[in-house]
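This report describes how the parts of a protein model meet one another. Please keep the sequence and the structure in view while reading.

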Protein chains: 2
Amino acid sequence: MTSWHPKNVGILALDIYFPPTCVLQEALEVHDGVSKGKYTVGLGQDCMAFCSEVEDVISMSLTVVTSLLEKYKIDPTQIGRLEVGSETVIDKSKSIKTFLMQIFEFGFPVSYAPYTNSHKEQKYGNTDIEGVDSTNACYGGTAALFNCVNWVESASWDGRYGLVVCTDSAVYAEGPARPTGGAAAVAMLIGPDAPIAFESKLRGSHMSHAYDFYKPNLASEYPVVDGKLSQTCYLMALDSCYKYFCQKFEKLEGRQFSMLDVDYFVFHSPYNKLVQKSFARLFFNDFLRNASSVDEIAKEKLAPYSTLSDVESYQSRDLEKEGKRVIMFSYGSGLTATMFSLQLQEGHRPFSLSNIVKVMDVPGKLKLRHEFPPEKFVDIMKLMEHRYGAKDFVTSKDSSLLSPGTCYLTEVDSMFRRFYAKKENTSNAATCENGAS
Amino acid sequence: MTSWHPKNVGILALDIYFPPTCVLQEALEVHDGVSKGKYTVGLGQDCMAFCSEVEDVISMSLTVVTSLLEKYKIDPTQIGRLEVGSETVIDKSKSIKTFLMQIFEFGFPVSYAPYTNSHKEQKYGNTDIEGVDSTNACYGGTAALFNCVNWVESASWDGRYGLVVCTDSAVYAEGPARPTGGAAAVAMLIGPDAPIAFESKLRGSHMSHAYDFYKPNLASEYPVVDGKLSQTCYLMALDSCYKYFCQKFEKLEGRQFSMLDVDYFVFHSPYNKLVQKSFARLFFNDFLRNASSVDEIAKEKLAPYSTLSDVESYQSRDLEKEGKRVIMFSYGSGLTATMFSLQLQEGHRPFSLSNIVKVMDVPGKLKLRHEFPPEKFVDIMKLMEHRYGAKDFVTSKDSSLLSPGTCYLTEVDSMFRRFYAKKENTSNAATCENGAS
């Protein structure tokens with residue numbers, strides 16, 4: 001079977017952004033008057049990022065996209081598709097993707113108001129970019145990623161890169177769900193010959209009608225959550241996806257699938273404890289299927305590493321040398337879930353695993369975070385309750401905690417139009433007018 | 001270049017549903033106290049469908065999907081992807097797609113509450129269906145359609161059909177935009193060897209950041225609209241898409257593109273007059289490009305038909321016999337727009353153009369509509385303003401105007417969970433409990 005499909009389509013480059021504002025879960029336990037360890041041990045949580053009044057899913061997306069393009073030296077005209085997955089609704093009609101178009105048409109921050117000035121101001125003028133927003137709770141980003149990979153593999157691919165943005169600001173009303181929040185944006189550059197490539201035939205989905213977590217209260221940013229039901233739905237979806245996944249593998253490869261065939265598992269994490277539970281659950285599934293056991297995995301997979309010293313094991317470059325399979329499990333309440341498979345190869349700079357790790361610099365970004373006392377965090381949550389869906393206000397424009405290159409919200413005008421600025425490397429932040437005023 | 005891409009991927013089957021409730025634009029002119037002809041001549045509008053209190057985008061989607069599966073005899077297990085495009089947000093997290101999963105897992109109406117009873121009740125048990133909701137104003141349906149076609153053309157296609165649902169209930173506050181509303185749902189079955197096939201390489205998009213129409217007021221179903229700006233954005237996007245489209249055609253075919261290469265143009269219709277304006281606008285573009293002129297089109301395209309009598313021309317089956325190119329222009333405020341090309345072939349039953357026309361039966365469905373006096377329409381709009389985002393109410397459950405097979409809303413409980421029933425062929429409507437209670 002000959003093919004002109006582009007090969008090894010997947011993630012060429014990655015960048016991540018999360019707010020510098022965070023709260024320690026240990027401190028939150030004390031503040032909330034719950035038993036010690038409830039959030040840290042019970043849920044397995046450590047420290048929670050949140051958006052202050054100058055950040056939201058749009059600003060985080062602007063930040064991470066401009067950062068990725070800059071760090072990997074991608075010209076905005078090289079992008080042919082851009083799509084966003086988010087569960088945070090700021091506007092019920094206008095997609096987050098359209099805010100990002102400013103980068104590709106004018107460069108961000110834009111220096112004038114579109115549709116009122118001459119089009120001579122277009123810095124890049126790239127408006128021929130397909131894709132919109134994908135929505136279903138936490139699964140939207142996965143849907144956007146699949147759509148973008150499919151585009152590259154489809155007849156409509158025009159040879160340019162795809163770009164996927166996953167972003168969310170997850171906040172909960174005071175109560176047991178609050179410590180499971182978080183905030184971040186991830187940008188992924190999509191194309192052929194990727195160091196993180198899809199094994200597209202290995203994929204199992206489970207989608208069903210459920211009310212485990214949903215947002216029917218339109219005026220509020222907070223969801224309605226049935227925590228117990230949501231955990232049941234998550235694990236039920238995990239079992240079902242794994243069943244479909246194994247069936248497809250076995251049909252394709254003609255032999256039984258087991259966890260032995262996998263190097264790494266990555267699970268959607270509402271909170272860390274559920275990830276640990278999910279990993280154990282797959283062992284249980286293998287046990288029920290008479291597949292591999294924990295002992296076999298321990299022996300076969302870890303034996304080659306048993307003679308390494310600690311330091312040697314940290315420095316082992318095996319991951320970069322040999323192809324490794326990563327199984328991902330994505331879950332969005334409501335519910336939609338998919339288990340899918342990625343193959344890791346070192347690749348070539350700038351699209352190499354080691355360069356991606358370097359660019360993302362997660363440890364460096366974590367170090368720059370500022371821990372807020374719970375009282376301050378709660379005050380900000382209260383302010384944000386009023387700001388959500390509001391108009392006619394200016395923010396403090398305080399970008400002192402933000403790293404250079406970070407985009408932030410400056411104003412929402414009387415027509416609900418949102419204005420963003422970018423913190424420049426100098427102390428002066430450039431302001432911009434990007435409304436259609 | 002050999003290929004194992006499935007060929008002629010596109011729309012195999014279609015069905016449409018719109019509510020039987022409508023209001024005459026002529027009567028609305030009188031009621032609104034505007035000058036005679038403002039809506040009918042000025043906007044080119046005739047009669048507007050709207051949802052009564054027992055219908056919404058979810059019920060219309062349930063109706064059109066069950067209808068399509070039944071009329072084309074498609075087993076629910078044959079669907080491998082399902083996605084929805086809508087600009088009406090009922091829940092900000094849970095996708096409309098997840099409501100439709102009831103059809104594929106249990107059959108609709110479902111006879112029990114999922115996750116509380118045994119899974120033995122699963123009639124079809126097909127939960128392995130990819131896809132979520134795509135959102136950007138009126139463009140969401142087009143995005144969903146592209147995603148589904150790309151899936152069939154991608155390496156992850158599993159050989160099953162895709163299904164796309166486009167649905168919207170467009171309502172406006174009292175004022176000049178109100179007569180441009182409407183309500184409907186369309187379902188499209190996607191696969192290879194389609195009578196309505198994509199020319200995937202012929203596609204031009206224009207996406208940009210604009211505030212012409214948006215929904216930032218989260219608690220209200222009504223948008224914020226700048227009608228004048230929106231028309232400018234629409235026509236600007238049309239010009240830009242046509243420019244990109246022509247460039248791609250010319251690169252591919254090595255000759256100039258003109259309207260002579262097209263048999264039919266279909267434009268997104270906020271109101272009919274803008275469609276007429278758009279068609280003229282493309283002529284103007286061709287004129288500026290020194291391409292074909294109106295005269296040439298008239299001569300070359302219409303000459304063969306000049307000797308036909310009226311009756312003969314109506315009965316001419318040329319459309320079914322020869323391949324015809326249809327250019328579509330899709331626009332969603334905010335803004336996202338794409339011009340794309342379809343090739344029509346008669347195909348083979350049940351996936352043939354003539355069968356599609358028969359199944360859709362638009363004239364028959366139009367005849368079944370009930371014209372409501374404007375006063376009654378306004379009363380219903382007012383009721384719906386209160387119902388939007390509300391909980392803890394039951395509807396009138398009055399399905400007397402609905403055709404058999406129509407799904408409708410019966411209740412929203414204290415947890416915002418929505419319950420739907422289906423009007424059976426007998427006078428008794430089956431009720432169902434589909435919440436996760």
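## A salt bridge in the model

In this predicted model, the side chains of Lys215(A) and Glu87(A) meet in a salt bridge, with 3.6 Å from N to O. Between domain 1 of chain A and domain 2 of chain A, the count is 1 salt bridge.

## The two domains of chain A

Chain A is divided into domain 1, made of residues 1–195 + 347–437, and domain 2, made of residues 196–345. Their contact involves 36 residues from domain 1 of chain A and 33 residues from domain 2 of chain A. Together the two domains bury about 2900 Å², and 59% of this area lies on carbon and sulfur atoms. On the side of domain 1 of chain A, the residues that lose the most area to domain 2 are Tyr139(A), Phe146(A) and Tyr388(A), which together make up 20% of what that side buries.

There are also 17 residue pairs in polar contact between domain 1 and domain 2 of chain A, counted where both residues have pLDDT 80 or more. Which elements give two or more residues to the side of domain 1 of chain A that touches domain 2? They are β1 (10–17), α2 (38–42), α5 (140–153), α11 (353–360) and α13 (374–387) of chain A. Of these, α5(A) gives the most, with 5 residues. By class, this side of domain 1 has 21 nonpolar, 11 polar and 4 charged residues.

## How the two copies are related

The same surface serves both copies, since 99% of the contact residues of chain A recur in chain B.

## The interface of chain A and chain B

Contact between the chains takes in 87 residues of chain A and 86 residues of chain B. The area buried between chain A and chain B is about 7600 Å², and carbon and sulfur atoms give 56% of it.

Across this interface, 4 salt bridges are found. In a salt bridge between Arg203(B) and Glu130(A), the closest N and O atoms are 3.2 Å apart. The interface of chain A and chain B also has 56 residue pairs in polar contact, both residues being at pLDDT 80 or more.

Among the elements that give two or more residues to the side of chain A that touches chain B are α4 (96–105), β8 (196–207) and α6 (227–253) of chain A. The largest share, 7 residues, comes from β8(A). By class, this side of chain A has 35 nonpolar, 33 polar and 19 charged residues.

Technical notes. Residues are numbered from 1 along each chain as its sequence is written. Chains are lettered from A and ligands numbered from 1 in the order in which they are written. This is a predicted model: local features need pLDDT of at least 70, side-chain atom pairs count only at pLDDT 80 or more; totals for chains, interfaces and linings use all residues. Side-chain values use heavy atoms; hydrogens and water are left out. Domain bounds come from an automatic or database domain assignment. Contact means heavy atoms within 4.5 Å. Buried area is the accessible area (1.4 Å probe) that two parts lose on being put together, summed over both. A polar contact is a pair of N or O atoms within 3.5 Å; within protein, one must be able to donate a hydrogen and the other to accept it, and residues adjacent in sequence count only if both atoms are side-chain atoms. Helices (H or I, at least four residues) and strands (E, at least two) are DSSP runs, numbered from the N terminus. Ala, Val, Leu, Ile, Met, Phe, Trp, Tyr, Cys and Pro count as nonpolar, Asp, Glu, Lys and Arg as charged, and the others, Gly among them, as polar.
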